[in-house]
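Subject: Structure handover

Hello,

Here is the structure you asked to look at. Please open it next to this message while you read.

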Amino acid sequence: LAFRDFKSAKYYNGTLIPATQELSLAEARSEKQLQDYLQQYKQPYGDYVSDWDLYFDPQDGIICDLENKRINQFQPSEYMKLKHKDVTEIPPTIRKIAMHAVGDNEEFLEYFMNWCACIIQYRCKTGTAIVLHGTQGTGKSMFLNHIMAPIIGRKYAFSKRMGELEGQFNGWMEDCILVWIDEAQVSSYKNQEKLSADLKTFITDSPLSMRNMYQMPYMAKNFSNFVLPSNKLAVDVDTGDRRYSIANSQEVRLVLTDPEFDAATGLERTQFYHYLITRKADRALARTALDNAAKVQMTLVGQKAIDVACQALLAGDFAFFEGERPQDTDIAIMPAFAADAANRYVALLEQIKKNPAQAMTREELHILLNYTIGDMPISPYKFTSLLKHHKIHIHPVTKDGKTSRGLKVVWKLQN
């Protein structure tokens, strides 16, 4: 084979064994190299270099379509070529590694195994990401790099740094099935909101706009599945999130002997492939992010104080604001301006207790949030704009016979 890829305008030469569909391609630097390559195999060069389409699709059984001049760059791994054998249990050492990586939680281990099985059986994009977190040396990279990557094929399973997601070139995802983001921590980056939004798009969207250096953007299928192993808070998880499945935090290092490592990367890895390819694989379950205690905890940890306060306000969570009530002894030693703010806050709480179903004016919302969070904008316009960013939309309300702008809140008081 000797051709020019239409999309990238790059030259390629290689060989194809039709009977086995085994393909070997390499980039050529010039037409002269193509000519020399063909002469080496006593093949005619022709009057021009033909344009072909290179693409990546692990679900397409055809590697080379000679009639339509299309080449699929996916090549099944050595494991994928094996005849399937029924293995009903995870091999013991690999189970030990995987179980440790997910924080010793059987429910999450089963979810994770189903997620992996869907990738192996259907070679598909799950649309969800796995977050593994805890101290260093808990088996996260061991499982991904030494177990899953060889099974999928190392050309299609690899690690990236979070910073690499910030760049404008994401063409590496076109040939990717599994990617893990080493030491993922979105909050450590300056443009964390854009990075978080991009990551969510990469996790769920296909086809996806992709771009390589010196090349115009193009649309391509996105088969990449993301795992985020981290020693810290990997991502900010929004309330109602549907992308991230969070494992329990693992704070104990994995102890693995040399014989155990050899077993996991030898015979057990083959057995594990058979386990994944033959076990039940529920794509609907893999597409659904797991809601568990670890996710709730990470959601709370990642929230900003103002997000928590605004959610309490929308939910009518009086206990949250009552918990911020200052004591009289504290007010007595406050500076005059702080004591005035504290007294107005206490008076408003007492008013709410007398009439839980009442409208809150914008000024009263400012009293609540300025005391609990601090540094609220003084300007009504800027304060209203800030509220909108946190899903609080004020509108005309009537209170004490007067119409003003505010929010209708039904407070839930503790008995």
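Below are the findings, starting with the sheet.

This is a predicted model, in which local features need pLDDT of at least 70 and side-chain atom pairs count only at pLDDT 80 or more, while totals for chains, interfaces and linings use all residues. Residues are numbered from 1 along each chain as its sequence is written, and side-chain values use heavy atoms, with hydrogens and water left out.

The sheet

Five strands form an open sheet in the order 8-9-12-7-13, with parallel pairing. Strands (E, at least two residues) and helices (H or I, at least four) are DSSP runs, numbered from the N terminus. Two strands pair if DSSP finds at least two bridges between them. At the edges are strand 8 (157-161) and strand 13 (244-246), each pairing on one side only. On average, neighbouring strands of this sheet are turned by 25° against each other, direction ignored. Angles run from 0 to 180 degrees between N-to-C directions, and axes are lines fitted to C-alpha atoms, for helices over the stretch in contact.

Strand 7 (residues 129-133) and strand 12 (residues 225-230) pair in the parallel sense over four bridges. Leu132 stands opposite Pro229 in strand 12. Helix 3 (residues 106-122) packs on the sheet and touches strand 7, strand 9 (178-182), strand 12 and strand 13. The direction of helix 3 makes about 135° with that of strand 7. Helix 4 lies across strand 7, strand 8, strand 9 and strand 12, and runs at about 160° to strand 9.

Two helices

The axes of helix 2 (residues 92-101) and helix 4 (residues 140-152) come within 8 Å and cross at roughly 135°. Helix 2 is therefore oblique to helix 4 (angles under 35 degrees count as roughly parallel, over 145 as roughly antiparallel, 65 to 115 as roughly perpendicular and the rest as oblique). In helix 2, Ile94, Ile97, Ala98 and Ala101 meet Lys140, Met142, Phe143 and Ile147 in helix 4; contact means heavy atoms within 4.5 Å.

Single residues

Thr361 is in strand 14 (residues 357-361). Is Thr361 buried or exposed? Thr361 is buried, with a relative accessible area of 11% (buried means under 20%, exposed over 50%, partly exposed in between, with a 1.4 Å probe and protein chains only). Leaving aside neighbours within four places in sequence, Thr361 is in contact with Lys399, Ser404, Arg405 and Gly406.

Val308 lies in helix 10 (residues 305-315) and is partly exposed, at 30% relative accessible area.

Regards
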